[in-house]
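Trainee: Could you go through this one with me? I'd like to start from the contacts and then move on to the overall layout.

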Number of protein chains: 2
Amino acid sequence: MDSMGEQGAGQVKGETRAVVLAAVRLFTEAGYEATTMAEIAEATGMSRRSLFRRFRSKEDILFAEHDELFETVVRYMEASPETPVDTVVSAARLVFQGYVGAPEITVPRYRLVRAHPRLRDREVAMTARYQAAFSRHLARRTGEGRPSLEVEVVAAAVIAAHNHVLRGWLRDPAEGAVWERFGETMDRVHALAGSLLEGAEAGNEGAERVLVAVYPSGVERTELLRRVADAVAPPS
Amino acid sequence: MDSMGEQGAGQVKGETRAVVLAAVRLFTEAGYEATTMAEIAEATGMSRRSLFRRFRSKEDILFAEHDELFETVVRYMEASPETPVDTVVSAARLVFQGYVGAPEITVPRYRLVRAHPRLRDREVAMTARYQAAFSRHLARRTGEGRPSLEVEVVAAAVIAAHNHVLRGWLRDPAEGAVWERFGETMDRVHALAGSLLEGAEAGNEGAERVLVAVYPSGVERTELLRRVADAVAPPS
DNA sequence: CTGGTCTCTGGCACTTAGTGCCGATATTTG
DNA sequence: CAAATATCGGCACTAAGTGCCAGAGACCAG
């Protein structure tokens with residue numbers, strides 16, 4: 001069989017994608033538990049042993065692309081010149097892109113994940129990894145040691161917002177305007193994040209400010225504007 | 001061997017606790033993977049088969065008490081007369097109590113969890129279950145169908161805050177003032193939750209609205225106010 | 001071309017989690 | 001007491017995951 005010079009540090013193989021697609025097909029047709037590693041090996045032309053070598057477990061086949069994406073996202077954050085919050089939001093966008101850009105994997109996987117608690121746990125673990133990575137990034141870039149409460153809440157909020165939009169898309173991938181929804185949603189958490197972390201931004205000279213106003217829906221507009229004017233009055 | 005009338009619907013057994021403690025001891029002494037179910041069975045005086053019947057898997061032994069706690073928390077929320085946000089915060093307090101009230105299980109488990117990715121995933125999955133339960137509770141009590149973005153962000157924030165304090169305690173269970181820290185932290189997310197969900201509380205007649213504005217810090221106040229005025233103009 | 005090392009691969013055997021089945025033994029019910 | 005029922009323990013079985021080894025191909029030095 002043909003060989004191809006590869007090895008690198010956790011880089012995609014191309015062959016990986018084929019295996020994942022084959023596995024997804026088998027899982028969907030015959031059921032996750034009913035499909036054995038031997039069958040996957042046969043379907044992909046590799047030996048059972050080599051299959052276990054490349055993917056450490058049956059679950060790992062299903063989430064192989066996800067793992068690669070995670071590596072990519074972490075590297076992206078390390079290299080990003082944006083502010084910490086912007087970087088994390090962009091990273092979330094990258095993850096979202098990873099899903100909607102590969103529906104032939106992520107959509108059937110979503111069905112499998114919903115049906116099998118073990119797989120669900122695994123999916124959840126992935127998002128937890130992202131959340132932890134976001135927290136670490138925010139903490140480092142704002143000069144903290146361990147992530148502070150604010151940082152962890154912001155990371156959790158970004159993840160929650162991401163998942164909120166993602167689940168909507170996964171339930172109905174055909175429906176359009178996903179990116180509009182994503183952008184709009186992220187803008188909202190971005191504002192929240194800004195208000196929670198205000199002043200902690202790295203070199204926050206020309207940083208943006210955020211105003212959050214909560215008001216009864218019946219209030220007069222002029223009254224509202226007066227209150228806003230008070231709120232944006234110079235602090236000290 | 002002595003028998004004791006039991007069965008109930010997922011109720012504690014008392015015997016359960018003994019098995020968990022024995023398993024924790026074995027895992028700690030010999031390592032998690034090195035300890036087999038047969039050994040746990042022998043150590044607890046039951047047969048391997050019965051062990052698998054009571055706890056569905058090896059992991060489940062370690063998290064058995066956690067599962068029971070989850071059931072308790074869900075029932076608590078269903079019966080709580082408090083406002084949704086208060087209920088969720090109290091529920092988080094219950095979970096926290098579940099940890100600090102059983103350090104002989106949770107502390108060594110923390111060490112095991114940190115060392116074994118599989119167990120870590122399982123722990124993460126538990127917190128995700130709580131977060132989902134919180135979201136559902138908030139959504140139901142505020143008359144929504146699916147949890148809204150705000151609801152999910154609040155649930156995520158409460159969980160993040162809970163875990164923030166919990167991890168601190170797990171790292172150093174001896175250090176006191178845990179409950180003060182917990183209370184103070186929860187107060188802060190409670191305020192955040194209140195502002196995010198304000199107006200959606202049960203019986204939300206005079207609902208409030210939220211305005212979030214993000215603006216460059218250098219912008220003129222008059223210009224900002226003009227933009228805000230535009231933003232709050234009646235929609236359609 | 002030849003011998004040596006290094007790596008990837010596949011085959012084989014083995015351990016162990018987890019399950020189905022069945023007979024024995026309480027436990028409850030009439 | 002007898003019958004129905006649930007629980008328990010033993011046995012056998014499937015399949016995930018691992019260690020070991022031997023063979024095939026790549027690369028290098030002589």
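**Contacts, helices and loops**

Mentor: Let us start with R167(A), which counts as partly exposed because its relative accessibility is 31%, where buried means under 20% relative accessible area, exposed over 50% and partly exposed in between (1.4 Å probe, protein chains only). This is a predicted model, in which local features need pLDDT of at least 70, side-chain atom pairs count only at pLDDT 80 or more, and totals for chains, interfaces and linings use all residues. Residues are numbered from 1 along each chain as its sequence is written, chains are lettered from A and ligands numbered from 1 in the order in which they are written, and side-chain values use heavy atoms, with hydrogens and water left out.

Trainee: OK, and which residue does the side chain of R167(A) meet in a salt bridge?

Mentor: The partner is E152(B), at 2.8 Å from N to O, a salt bridge being a side-chain nitrogen of Lys or Arg within 4 Å of a carboxyl oxygen of Asp or Glu. Since E152(B) lies in helix α9 of chain B and R167(A) in helix α9 of chain A, the pair joins two chains; helices here are DSSP runs (H or I, at least four residues), strands are runs of E (at least two), and both are numbered from the N terminus.

Trainee: Is E152(B) buried or exposed?

Mentor: E152(B) is buried, with a relative accessible area of 9%.

Trainee: Switching topic, what does the secondary structure of chain A come to?

Mentor: Chain A has eleven helices and one strand, in the order α-α-α-α-α-α-α-α-α-α-β-α along the sequence, and buried residues make up 45% of its 236 residues. Helix α8 (residues 117-141) of chain A has 25 residues and reaches 36 Å from its first C-alpha to its last, close to the 36 Å expected at 1.5 Å a residue, where the expected span is 1.5 Å times one less than the number of residues.

Trainee: Which residue with a positive phi follows α8(A)?

Mentor: That is G143(A), with a phi near 70 degrees. Most residues other than glycine have a negative phi, yet A177(A) has a positive one near 65 degrees. A177(A) is in the loop between α9 (149-171) and α10 (178-197) of chain A, and counts as partly exposed at 45% relative accessibility.

Trainee: And in chain B, what is the phi of A177(B)?

Mentor: It is positive, about 65 degrees, although A177(B) is not a glycine, and A177(B) is found in the loop between α9 and α10 (178-197) of chain B.
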